[in-house]
Amino acid sequence: MPIELENVSHVYDAGTPFAARALHQLSCRLGTADLTGIIGPTGSGKSTLLQMLNGLLIPTSGQVRVDGVPTRGLKGPALRDLRQRVGLVFQFPEDQLFERTVFDDVAFGPRNQGLGEAEVQERVRWAMEAVQLDFTAFAARDPYSLSGGEKRRAAIAGALARRPRYLLLDEPTAGLDAAGRLQLLGVMRQLAVDYGTRVVLVSHRLEDVVIACDEVLVMCGGELFMQGSPRQILQRSDELRSGGLELPWFSELAWSLKRHFVGFRTDLVGLEELADEITRVVGAGRPRPSAPAARGEQHGV
Amino acid sequence: MFSGLSFGQYLPLGSVVHRLDPRTKLVLVLAGMSAVFLARGWVSLVVAGAAVMGLALASRVGMRSYLRGIRSLWLLVALTALLQMFLVPGTRLWSLGALAVTREGVAMAAFMVARLVLVFVLAQLLTFTTSPVALVDGSERLLAPLRRLGLPAHEMAMVMTIALRFIPVLFEEADKIVKAQVSRGASFQAGGVRSRLQALSSILVPLFVRAFQRSDELALAMEVRCYQGGEGRTRMNRLCLQADDYVFLAAAAAVLVVVGVLTRT
Ligand SMILES: Nc1ncnc2c1ncn2[C@@H]1O[C@H](COP(=O)(O)OP(=O)(O)OP(=O)(O)O)[C@@H](O)[C@H]1O
Ligand SMILES: [Mg+2]
């Protein structure tokens, strides 16, 4: 059973002059696909939504159910069980690192699960390798002395080490270089395959989300704007633009080619599919040039 | 989980009181507190109290907000009342072993509680209606004459501004640390006193570390912008007393005189 939201609204500091509406009448199901992406412009309520899912925030109205259990009113062991089920990586890794060494920080979660020290050590090692933080080099470092990208990896390792069933990541690729982003998205896919983890990730970059995810939610002004597969989402380019989102470069290109070539497909995801479609439409009937040239140069994906 | 919205956070509502000069408000509050403490007997206290309540009504903040602030200090109020009831000698009303509640004690307790409540209302009035920056600006200007005696008025005001500015920031930081920890299975409700204290220290230690980091960053940012104390600084908003300020100041003087006369007789 996935995570279900039913008419969820949230107002921060409700009942004071500082009241701020963050979510409005949101209903959806999350975690039905292996990788779900949430995207939306700044202030659209993405981080608020994620914090609803592990019970850090309780909606002002409406209901959140994780595997059928409502998050409202949970206490003690039931709450602990929810937090075990749903792991969360915060938007700013600085918000999440609090121990004196990277090892202790990553070990914080497994230790709270009551695991023995040998198993904790093994989990920490595994989680750090998974995010490509070299264990021997980083275990004893002070988290505050890490670079931005290294902090991000350490924060993700901290959530991974608990082996949650649902892993929520708030902007996990922000502050990483191109190679780091691809590698991290690869790790998320691997988790889904190896452990059946359902990954939900928030991003500003539609490009990362459509390439990496199976299901996409688009948020706008605290409301659910669209939900569908990456192909379905990319078909609605005008709505995306009106919602303040930038299309990935390959979709922009596909849409402008469509103006010149009737029947050019616009639901293409990634460079490969775009190249194939161009070959199909433009180069139909012509002999294929030698293979390496057809691949072209890899653009910054 | 934590909220900075407890005792007297600035509420930008734009009432007459909000628009007053911060210096006027500081003087009003000091005058009000003096009146409340000068008052001997119910008549003078009622006069002072009426003035305070009038001011509170004019602030448009709403009595509920004032009450919420007072509720957070209920322990102090209750303790004061209890001590007065038992410790003032006089005719016995009711006794509990060696201790006795006296008629004079009850009257005194009511009087003291009324005083305390009025003082709390005044203190909150100041912070509800004055932004921290204006408050500090006002106190700097009021203290300025003491600079001749070597009092670092500007530096004191700057320290106060920074401290006030960072109270909500610290609340936010604590909230983030708690969220990060409970997300990974920490628990602050369960367990005995010992494990709760441990959980508390696991928040306080990183909180202090972050506070020190922040102060380092702030000091650097101030130096980068050539901050060098009050010497030769000009200000963007010059404070200037308006007609309203004089009206309120005159009213405060009148109340003080009346209370003074009433307590004499
Ligand atoms: N702790 C808070 N107190 C008050 N208001 C808040 C708080 N957190 C968020 N908000 C408000 O709620 C709205 C949604 O915020 P949220 O952080 O969920 O947006 P977001 O989609 O994650 O934005 P971003 O892409 O910039 O991270 C914003 O208008 C924000 O100002
Ligand atoms: Mg966010």
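Tutor: Let's start with a term: two residues are in contact when they have heavy atoms within 4.5 Å. This is a predicted model, in which local features need pLDDT of at least 70 and side-chain atom pairs count only at pLDDT 80 or more, while totals for chains, interfaces and linings use all residues. Residues are numbered from 1 along each chain as its sequence is written, chains are lettered from A and ligands numbered from 1 in the order in which they are written, and side-chain values use heavy atoms, with hydrogens and water left out.

Student: Okay, which residues does Ser139(B) touch, not counting those up to four places away in sequence?
Tutor: Start with where it sits: Ser139(B) is in helix α7 of chain B, helices (H or I, at least four residues) and strands (E, at least two) being DSSP runs numbered from the N terminus. Leaving out residues up to four places away in sequence, Ser139(B) touches Leu26(B) and Met160(B).

Student: And is Ser139(B) buried or exposed?
Tutor: The cut-offs are under 20% relative accessible area for buried, over 50% for exposed and partly exposed in between, using a 1.4 Å probe and protein chains only. Ser139(B) has 16% relative accessibility, so it counts as buried.

Student: What about Glu231(B), buried or exposed?
Tutor: Glu231(B) lies in the loop between α9 and α10 of chain B. Its C-alpha is separated by 8.8 Å from that of His154(B), 77 residues apart along the chain. With a relative accessible area of 70%, Glu231(B) is therefore exposed.

Student: How far does α2(B) reach from its first C-alpha to its last?
Tutor: The helix covers residues 22-38, which makes 17 residues. The expected span is 1.5 Å times one less than the number of residues. The model comes out close to that expectation, at 24 Å.

Student: Which helices do the buried residues of α2(B) pack against?
Tutor: The buried set includes Leu26(B), Leu28(B), Val29(B) and Val36(B). Those buried residues pack against chain B helices α1 (16-19), α3 (42-58), α6 (103-129), α7 (132-143) and α10 (243-264).

Student: At the start of α2(B), which residue has a side-chain oxygen that reaches the backbone nitrogen of Arg23(B)?
Tutor: Look at the start of the helix, where the oxygen comes to within 2.7 Å of that nitrogen. The residue supplying the oxygen is Asp21(B).

Student: Over to chain A: what is the strand order in the open sheet of four strands?
Tutor: Strands pair if DSSP finds at least two bridges between them. β1(A), residues 3-12, has seven bridges to β2(A), residues 20-30, and five to β4(A), residues 61-66; Ile3(A) partners Leu30(A), and Leu5(A) is opposite Val64(A). β2 and β5 (69-70) are the edge strands, each pairing on one side only. The pairing is antiparallel, and the order in chain A is β2-β1-β4-β5.

Student: In the hairpin of β9(A) and β10(A), which residue takes a positive phi?
Tutor: β9(A), residues 215-220, has five of its six residues buried and runs parallel to β3(A), with four bridges. Five bridges join β9(A) to the antiparallel β10(A), residues 223-228. Two residues lie between the hairpin strands, and the one with phi near 55° is Gly221(A).

Student: How much area do chain B and chain A bury between them?
Tutor: Buried area is the accessible area (1.4 Å probe) that two parts lose on being put together, summed over both. The contact takes 20 residues from chain B and 27 residues from chain A. Of the buried area, 59% is on carbon and sulfur atoms, and the total is about 2100 Å².

Student: Which three residues supply 34% of what chain B buries there?
Tutor: They supply more than any other three residues of chain B against chain A. They are Lys179(B), Ser183(B) and Arg184(B).

Student: And which residue of chain A meets Arg184(B) in a salt bridge?
Tutor: A salt bridge puts a side-chain nitrogen of Lys or Arg within 4 Å of a carboxyl oxygen of Asp or Glu, and the rule finds two across this interface. In the one with Arg184(B), the N to O distance is 3.0 Å, and the partner is Asp105(A).

Notes
Polar contact = N/O pair within 3.5 Å; in protein donor to acceptor, adjacent residues only side chain to side chain.
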